[in-house]
Amino acid sequence: MRITYVLTTADAGAGTERAIFAQANSFADDGDVVSILSVYREVGTPYFDLDPRCRVDYVVEAEPEPNESDLTLSQRIHRRWGPSRLIPEAWDDQFCSASDSALPAALAAVECDVLVTTTPALTVLAARFAPPEVVIVEQEHRAAVSRSAASMEPLRRAAPEIDCLVSLTDRSTEWLRAELGPMAPRLETIYNSIPDIFYPQSSLTSTRILAAGRLVPQKSFAHLIQAFAEAAADNPGWTLRIHGRGPQEKALRKLIRTLGMESRIELVPPVPDLLAEWSKASVFALSSRSEGLPLVALEAMAAGLPLIAYDCDTGPAEIIDDGVNGLLVPAGDIGGLTSALSLVMSDRELREQLSAGAPAVAERFSAERIHTQWKSLFCDLIARRSEIPNRLDRAARFAADHANTDTGPDRLGHDSEPELQQTGRPDAVMRLETSDLRPVQLSRRVLATVDAILADARIRRFWIPAYDPVHHVLAVPAEERPALVAALAEQVPPAASIILFKGNSRLITEHWNPSSAEEPPVQMAQADVLRVVLSAADTAGTRESVTYCDIELWAEDDEGRLVPPRHNRALDLIAPEQLGTLSNVTVGERNVPAPAVVTRRLWSTVDFPIDAVFTWVDDTDEQWQQARARESVLLHRAVHAEATSAGRFRNRDELKYALRALEANAPWIRNIYVVTAGQRPSWYRPGSDRLKFVDHSEIFSDDSALPTFNSHAIEANLHHIEGLSEHYLYFNDDTLLTRYQRPENYFLSNGLMKFFVSPTKINDLPGLIPPHLAAGMRNRSLLERDFGITITQGMLHTPYPQRRSVNEEIEERYAAEWADTVRSKFRGSDDLSIASSLSMYYAFATGRAVPGSVRYTYLPLGAGDLGRRMQRARRGSFDVITLGEPAETPENPEIIDFAVANFLEEILPIPTEFEKSS
């Protein structure tokens, strides 16, 4: 087999080049003919070691002149030769007129079976100029979800003409599947590998944190430096060493000097490998805002280093089990990064615990395993090429196949049928009532289905709690594998399919659909996790949901005890004889066998009642409008424009979708209270005991304070709701839960509540300032006076955890300030923001709250890039999405109305019992 890899520059020392050279060396070891085509020569020799049997060909000489040491590659080539006419700078700025002249000829002259490109721009050039019989594979080494629309454009154009697109993570692959639709080529996920060598293990006694990477904005080293400087104050003796070079080096050195950390933070040059560095450190830190799959982090974990990383869109979460072999911090949360660093620096026992879980990553990403996947893929692509030798003919066949089909998703939200057949996903879906499509109900159904199959086959099994609360796990002794496979092959319904895993690593990209396939995949013998995926739709076929249940195969250790193939929350050893004395746990309506330990109340379990409170107003109500106009005229003080802005009261029926989100993703909520100005939504159907509307007059003890149009005044009285539980969540109606939440996300089992600090600062500003900022300043003054603490940040616009007793105490302690807030009919400079800020900081000051973290995104509806933001929100694994109305009416409000309505219905399509039938 002849393979040619195309790189922008083979002389660079980044992760892409490192991964490509590792692949090239492994194919050379197999006797394959391997070459590397480098667009630019910068220093004349590759940065990483390359097998001498591999040839490197450079296309454009671009060695830096003596006076160009501070210039980037793109700056140098544009200064010398001018911009490219083939590749717009917005697509990729590393092309120029010299590459326009030389690269097409170089691509046309390649003699290979497989041409591997490494950026979308190189892919579009390869599709245009490479010989038509060559198989073209793009390796996407960046997190595809983080690419700009412009940098994705060349891939969109080239996609139908290439043979395969390979991503580093399943998340990127699925994003590309949705983004490219039916024009996508074959899509695969193959991880980067780490060398099968000895990694010097850290003793964890060093007081050094290690980091490495290009000094570019994407790596967010400024965040790491700031976080370390903050954490270092409480952890004397610790140092941070960053290996890297790049355009931000001067700025980072200046930041280090500004923070006075020259003696504790080192910026040192990169090295081809960090083997000599692992044993000198005790922690590896990764602060990137986007990653493909970070090789350097994999190697650090193979050396036993605990990893602290931002949980960016892809990458870290693929290799870190949070709390097991590292710590994940919400992306961009410098405070969270500071806390994580400080925690690991100060706790030797925690470092040892995380270190013990780190080396297992080596097996998942071993060079032998990854090379086998690449070899299999290339051989398969070459074999398929023989059916239609000319790539242009393959593209024409593809276009013809799709010429008369709908290029968008069908009404169930599936990809087109040919794509479903190609991936092995089930042709059928299970038809259920709409309410049964919610995550909890559907997950219980698939558990019941799988457990019934195993019970009928008399297969020993037991239930264990999964990390993900809406997916279930059944453990089976590994010796039951033959019986298990036979039972699944016979009884898995047509609406279900199976994915094979080795631990957390996916073994094959296709699904095995037992109802339509004669034999299970050959990889079944290696799999130790079988994921049974169930597709379901409502009876009308307009809504679809997918969920799964995992079957883990527990193997025997040397002492005959069963051990799991991956981590779980409950146990990691069980004696086979204990399977005969299992207890039962009830999940939904089914009793499933379980070890006694998992049937007990875990120390961390929150089981006290929690209510939800929403504030809502209908701005189209004529009586309400008249009252608001009347009170506006009677205002005797100047108020900021924000206080009376129409956008503050805009009703888009967000409440309907907020309730849908609550029912789907927080079904453990006891009662739901909606606080209103005597209004009811047009879509509301009375009859539920759980949903209660509460009028302002029921919670305001002073009738003269009504009517009110001040959310600060309303939230100050929420704890007066009759029957409200001690613990509750306060929601604005524009706040949506978008994935399943556990009560533990908001409260600890001992009753402490969590709060989520925003990066938005509370500034000291004179004059008439926005009321929410003025309220933050007033909150701060009270906390400074009474507790000697200064708050500098507001809270994220998320659900606000509350304790009724805390707010009662605030009302009593700050009676005068509370009364000022309640009497203010529009937001004003004398307000407190109690439920949305003060109560949480006050609880923290009095030992009843702790900081927490939540994955959150904000959608400003007046933003010019609202469409892109909505796409990101759809794809992102966010806990909470909040909509933000613009203060001023936008130019084309009907466009925003249409976009928001479609967005809400798309992400939250399942009605609740609180809605009238449509």
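Which strands does helix 1 (residues 15-29) lie across? In this predicted model, helix 1 lies across strand 1 (2-9), strand 2 (33-41) and strand 5, and runs at about 160 degrees to strand 1. The protein contains 31 helices and 35 strands, and buried residues make up 56% of its 918 residues. Among the contacts with a separation of 6 or more, 70% are accounted for by residues 24 or more positions apart.

**Confidence**

- The average pLDDT of the protein is 85, and 90% of the residues score at least 70.
- Over residues 399-425 the pLDDT stays under 50, although the model has 38 contacts beyond four places in sequence for this stretch. Where pLDDT is low, the predicted coordinates should not be read in detail.

- An open sheet of 7 strands is arranged in the order 3-2-1-4-5-6-7, with parallel pairing. Strand 3 (55-61) and strand 7 (186-189) are its edge strands, each of them pairing on one side only, and neighbouring strands of this sheet are turned against each other by 20 degrees on average, direction ignored.
- Within this order, strand 4 (residues 114-117) and strand 5 (residues 135-140) run parallel and are joined by 4 bridges; Leu 115 has Ile 136 of strand 5 as its bridge partner.
- Helix 4 (residues 120-129) packs on the sheet, where it touches strand 1, strand 2, strand 4 and strand 5, and the direction of helix 4 makes about 175 degrees with that of strand 5.

**Helix 7 against helix 12**

- The axes of helix 7 (residues 221-232) and helix 12 (residues 334-346) come within 8 Å and cross at roughly 50 degrees; the two helices are therefore oblique to each other, and helix 7 passes helix 12 in a right-handed crossing.
- On the side of helix 7, the residues that make the contact include His 223, Leu 224, Ala 227, Phe 228 and Ala 231, while those of helix 12 include Ile 334, Leu 337, Leu 341 and Met 345.

- Gln 218 has its place in the loop between strand 8 (208-212) and helix 7, and Gln 218 counts as partly exposed because its relative accessibility is 27%, a value between the limits of 20% and 50%.
- Although Gln 218 and Ser 287 are 69 residues apart along the chain, their C-alpha atoms are separated by 8.8 Å. With neighbours within four places in sequence left aside, Gln 218 is in contact with Ser 288, Arg 289, Ser 290 and Glu 291.

- Arg 660, which lies in helix 23 (residues 654-665), is buried because its relative accessible area is 5%, a value under the limit of 20%.
- Beyond its neighbours within four places in sequence, Arg 660 is in contact with Glu 905, Leu 908, Pro 909, Ile 910, Pro 911, Thr 912 and Glu 915.

**Strand 32 and its antiparallel partner**

- Strand 27 (residues 727-732) and strand 32 run antiparallel and are joined by 4 bridges, with Gln 802 of strand 32 as the bridge partner of Tyr 728.

Definitions and conventions
Residues are numbered from 1 along each chain as its sequence is written. This is a predicted model: local features need pLDDT of at least 70, side-chain atom pairs count only at pLDDT 80 or more; totals for chains, interfaces and linings use all residues. Side-chain values use heavy atoms; hydrogens and water are left out. Two strands pair if DSSP finds at least two bridges between them. Buried means under 20% relative accessible area, exposed over 50%, partly exposed in between (1.4 Å probe, protein chains only). Contact means heavy atoms within 4.5 Å. pLDDT is the predictor's confidence in each residue, from 0 to 100. Axes are lines fitted to C-alpha atoms, for helices over the stretch in contact, and angles run from 0 to 180 degrees between N-to-C directions. Angles under 35 degrees count as roughly parallel, over 145 as roughly antiparallel, 65 to 115 as roughly perpendicular and the rest as oblique. A crossing is left-handed if the near helix is turned anticlockwise from the far one by less than a right angle, and right-handed if clockwise.
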